[in-house]
Amino acid sequence: MTATNHITSHCVISNNVVYSNGLPVFENKDADAGAFLLSVYQFLEVKYPKFYKMDNLSKMGLLAAEVLLKNNPISELYEENEIGIVLTNANSSLDADIKYYEGAKTVASPALFVYTLPNIVIGEISIKNKFKGENAFFVFETFDAAFVAQYVAYLLNNNILQACICGWVDLLKEDYKAVLYLVEKRESDVSVPFTVENINKVYLSDTEKPGNDIGA
Amino acid sequence: MKSVFIVADNILSPVGGTSAENFDRLTQNISGVKQHAGGTRSDVPFYASLFNDDQQFVADQNNHTKFEQLLIASISDALKDSEIDCADKKTILIISTTKGNISMLETAADDPELNNRIALSTSATLVAGHFGFVNQPLIVSHACISGLVALITGMRLLQTGQYENAVVVGADVITKFVLSGFQSFQAISAAPCKPFDATRDGINLGEGAGTVILSSNPKYANGIKLAGGSISNDANHISGPSKTGEELFYAIKGALKSAGIEPEAIDFISAHGTATIYNDEMEAKAINLAGMETIPVNSLKGYFGHTLGASGIIETIIAAHSLQQNVIIPTKGFNKLGLSQSINVSHELQYLPLTNCLKTASGFGGCNAAIVLTK
């Protein structure tokens, strides 16, 4: 029998809207990806100057994590090496790759080159929040809830982690979608079980009418 | 949990085309690193371990890119020595790479069709189709620890019984995209690299592929066991390693714990040893924190260069063959220790009984990984 873990918080960022636990909390309809992410940063009052030097993928992942952690002070509950991050996407770091190589045709920029790896978004979230546990980045053609469920459950059930931020962060030019889940062993008033069904429900929640029951 | 064993392996590098050939040449101090004229990759000459431009990797190229041909050629050779059935539902393909087909950006304008061709899932589907894998392949892209993350992922999928066999392959190709980036960081040495040496001044890049076939089937219990693994993050800087080495130490501790092995039982450490000032210093600190400073340590970057997404796999294979043959490969390029804390760098072939090996890696994004191999 496998232990049940719980989605204690989730965040979706897509199509110029930010959703926290299923509810839209911010919208900026006419902005392009860069301007939209900046407006989210300002809305959330993050106050983290490193944000400005990040590529759009890292910006989006960092902001989604901010939403996820807003009312979940997991750093007070767990040790730094008990909190980890497992992310997936389809386009790896291609958005940053294209920008880096355009620039490199004249002068190669180390500040852009460092973002040509998809796991840098994990590094940025880890630095901001001092998370030092297991981390991994996988690439899939489309979101694979079953894999995320299995991999993260292994980490929690074997006590490698006590809390894990996991999900999907994909961005290429103006197409983007982030769906992050905070998964813990504990239940909360708003948590839902960390099952493939619930993971998929949250993943698709931005494409459905509001009011569906996805808890957390 | 089930035990996981190495069934077969392959290294395809400028040093040689099989694991045995590569291992043999390393014992003869033969390196793939040499100076290259600039050409399409660079405006200036540079040292790297590169395949010859006219080298054939597979008989039928089938519109596969060099990256995909390396994967296919490496997997084919590893499979040849095994009875593993790719079409078995209990077999999964795991691919490790940092940049895959990114060189396509160098010669074509970016458009949706090109972006789709570059996508790692496109390569994974082509390679999986070539061998008839029935399960969707997994792709790991986690900077310079990708190879170890792929091995750890494979180990876990087998330990839990979700699969019985995992074909874990890694490859990266060195083109202008990657080389220009490392050059912009001033991270490339102007000479053959010198891991852990007092005069080290940067890395050499390398091309290559490596395949490790893992199985939980007890009939392979005579093979080297992948006994444990762990991953950590520095949470310090995206392009500079930890100042303390504490987080790589976490990964080492986690790997030993999952393998059920005490630090003193480790006979040698296959380190990342990129020959940058800061990486090697950080590793020395982590090894000291683990109390392993007297255990022989080597870096293989002087033979293969830094093969990025393939490095964790290639270096694990050499470590496994070291365990089997009871010989530690020396650290090519190392002469005089230049670290704030002492470690025992292997600098000549050492023949001694070997049972357990620790393999580590670290990379951009502050990531660290460690695995334990046992005989």
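User: What should I know before we start?
Analyst: This is a predicted model, in which local features need pLDDT of at least 70, side-chain atom pairs count only at pLDDT 80 or more, and totals for chains, interfaces and linings use all residues. Residues are numbered from 1 along each chain as its sequence is written, chains are lettered from A and ligands numbered from 1 in the order in which they are written, and side-chain values use heavy atoms, with hydrogens and water left out.

User: How many helices and strands does chain B have?
Analyst: Chain B has 10 helices and 16 strands. Helices (H or I, at least four residues) and strands (E, at least two) are DSSP runs, numbered from the N terminus.

User: Why does the radius of gyration of chain B agree with a compact globule?
Analyst: A compact globule of 375 residues would have a radius of gyration near 21 Å, and the 19 Å of chain B agrees with that. The radius is taken over C-alpha atoms, and the globule rule is 2.2 Å times the number of residues to the power 0.38. Along the principal axes, the C-alpha atoms of chain B fill a box of roughly 55 × 50 × 40 Å.

User: What share of chain B is buried?
Analyst: Of the 375 residues in chain B, 65% are buried. Buried means under 20% relative accessible area, exposed over 50%, and partly exposed in between (1.4 Å probe, protein chains only).

User: And which share of the contacts joins residues at least 24 apart?
Analyst: In chain B, 78% of the contacts between residues at least 6 apart in sequence join residues at least 24 apart. A contact means heavy atoms within 4.5 Å.

User: Let us turn to strands. What is the order of the open sheet of three strands in chain B?
Analyst: The order is E2-E3-E7 in chain B, with mixed pairing. Strand E2 (33-36) and strand E7 (205-206) of chain B stand at the edges with a single partner strand each, so one side of each has no neighbour in the sheet. Two strands pair if DSSP finds at least two bridges between them. Strand E3 (residues 46-49) of chain B runs parallel to E7(B), joined by two bridges, and Ser49(B) has Gly206(B) as its bridge partner in E7(B).

User: How many residues of strand E6 in chain B are buried?
Analyst: Eight of the eight residues of E6(B), residues 165-172, are buried, so this strand is largely enclosed by the rest of the structure. One side carries Asn165(B), Val167(B), Val169(B) and Ala171(B), the other Ala166(B), Val168(B), Gly170(B) and Asp172(B), and all are buried.

User: Which strands are joined to it?
Analyst: Strand E4 (residues 91-96) of chain B runs parallel to E6(B), with six bridges, and there Ile95(B) stands opposite Val169(B). Strand E8 (residues 208-215) of chain B runs antiparallel to E6(B), with eight bridges, and Gly170(B) has Gly210(B) as its bridge partner in E8(B).

User: What about strand E4 in chain A, is it covered or open?
Analyst: E4(A), residues 83-89, is mostly covered, with seven of its seven residues buried. Six bridges join E4(A) to E6(A) in parallel, with Gly84(A) opposite Cys164(A). Five bridges join E4(A) to strand E5 (residues 135-139) of chain A, also in parallel.

User: Now a helix. Why is H4 of chain A described as largely enclosed?
Analyst: Eight of the 11 residues of H4(A), residues 94-104, are buried, so the helix is largely enclosed by the rest of the structure. The buried residues include Leu94(A), Tyr100(A) and Tyr101(A). What covers them includes helix H2 (56-69) of chain A as well as helix H3 (112-118) and helix H6 (176-184) of chain B.

User: Is Arg156 in chain B buried or exposed?
Analyst: Arg156(B) is buried, with a relative accessible area of 3%. This residue lies in helix H5 (residues 146-159) of chain B. Leaving aside neighbours within four places in sequence, its contacts include Glu134(A), Tyr151(A) and Gly229(B).

User: Finally, which loop holds Ser92 of chain A, and what is its phi?
Analyst: Ser92(A) is in the loop between E4 and H4 of chain A. Its phi is positive, about 45°, although the residue is not a glycine. Most residues other than glycine have a negative phi. Ser92(A) counts as buried, at 9% relative accessibility.
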